[in-house]
Amino acid sequence: MGYSLLCKIVAEHAYQAAGEGWLVCVPSTQSVDWMRRRDVLVRALPDGIALWCETARRTMILEEGQVGEVLLGFRWYARDPWFSLYTHPVEPSADSVLFLRGQAQESDEAAAGWRRWPARAEAFVGLGDVGLARHLDRQDQLRKPVMVTEIDLAMLAAAEEGAEPGLQLKVSFAARASRWKYCFFSTMQTDPGDLAVVDLDGEMEFVCTGTESFPGGQRAVVFLSQREIVMQAQYPQRFQLRERSKTGERVLMARLPNADIRKVTRNAIDGETALVSEIYIN
């Protein structure tokens, strides 16, 4: 008895490495019941879920319902407690959930056979949304999923016309970005104008904004990146602290630490509110 792929949904994030298992996907209760009665196999993936059906029954299953009659729902829960800190788009309210449904898929030119499903701000709906509510259980009011995806069986069948069997969807999350702010605390009587934060790759520039006062009477020399830096689990940036003098430059810190997503504030910069990652160095 042979099986063929019915549908595969995976999620990717600009912050994370592929296949890290940062989200777990769980079918809704009604979807589990529908799949059990048709002997559809459900296989968990490190970054999503896959559905398989008997090849001989495939056509019958796909022709089962008209548009809107068979709606399969999948709830996605974050394993990382810091997920919301680095993920874009940001949920507009505490009772909203990202709800991807319908024909929002786009062809993924980078991966043949896949269709991309970008997470967008306009896809957020409230927990009371009728379409969303059919896929939620009572416990979801306490542990809210970060996303719910809905597959219309009729649209799945339409998407397969003239294509390889098995719809493959890739939900893509963007990462938030912030300005990096280095605060250097030192008892050395160094002129702030003699210090510089240098990017070894020559891609980012930092400007010294002077000194700032901190609790306990401490003062720090502050440098701010001129542009936002996209948040990543492993940053490729290579920044150095150097001191400039009449005789040349010397390296004070060969590799400055990268930003921590848990130390982000909202600051007013040039009249606009921006995310700022503060990095304190003694």
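Biologist: What is Gln 237 in contact with, leaving aside its neighbours within four places in sequence?
Modeller: Ile 229, Gln 232, Arg 255 and Asn 258, with contact meaning heavy atoms within 4.5 Å. Bear in mind that this is a predicted model, where local features need pLDDT of at least 70, side-chain atom pairs count only at pLDDT 80 or more, and totals for chains, interfaces and linings use all residues. Residues are numbered from 1 along each chain as its sequence is written, and side-chain values use heavy atoms, with hydrogens and water left out.

Biologist: Where does Gln 237 lie?
Modeller: In the loop between strand 17 (229-230) and strand 18 (239-245). Helices (H or I, at least four residues) and strands (E, at least two) are DSSP runs, numbered from the N terminus.

Biologist: And is Gln 237 buried or exposed?
Modeller: Buried, with a relative accessible area of 17%. Buried means under 20% relative accessible area, exposed over 50% and partly exposed in between, using a 1.4 Å probe and protein chains only.

Biologist: How far apart are Gln 237 and Gln 30?
Modeller: In space, 47 Å from C-alpha to C-alpha; in sequence, 207 residues.

Biologist: OK, switching to helix 1. Which of its residues are buried?
Modeller: Ser 31, Trp 34 and Met 35, in a helix that covers residues 29-37. Looking down the axis, those buried residues fall within an arc of 95 degrees, so they line one face of the helix. The arc is taken from the directions from the helix axis to the C-beta atoms.

Biologist: What does the face turned away from the buried side carry?
Modeller: Two exposed residues, Arg 36 and Arg 37. After the helix comes Asp 39, which has a positive phi, near 55 degrees.

Biologist: What covers the buried residues of helix 1?
Modeller: The cover includes strand 2 (23-27), strand 4 (48-54), strand 5 (71-78) and helix 5 (153-159).

Biologist: How many bridges join strand 2 to strand 5?
Modeller: Five, and the two run antiparallel. Two strands pair if DSSP finds at least two bridges between them. Cys 25 has Trp 76 in strand 5 as its bridge partner.

Biologist: And strand 5 to strand 11?
Modeller: Six bridges, also antiparallel, with strand 11 covering residues 147-152. Leu 72 stands opposite Ile 151 there.

Biologist: Which way do strand 7 and strand 11 run, parallel or antiparallel?
Modeller: Parallel, joined by three bridges, and Leu 98 stands opposite Met 147. Strand 7 (residues 96-100) runs antiparallel to strand 10, with three bridges; Ser 96 is partnered with Gly 126 there.

Biologist: How many residues of strand 11 are buried?
Modeller: Six of the six, so the strand is largely enclosed by the rest of the structure. Met 147, Thr 149 and Ile 151 are on one side, with Val 148, Glu 150 and Asp 152 on the other.
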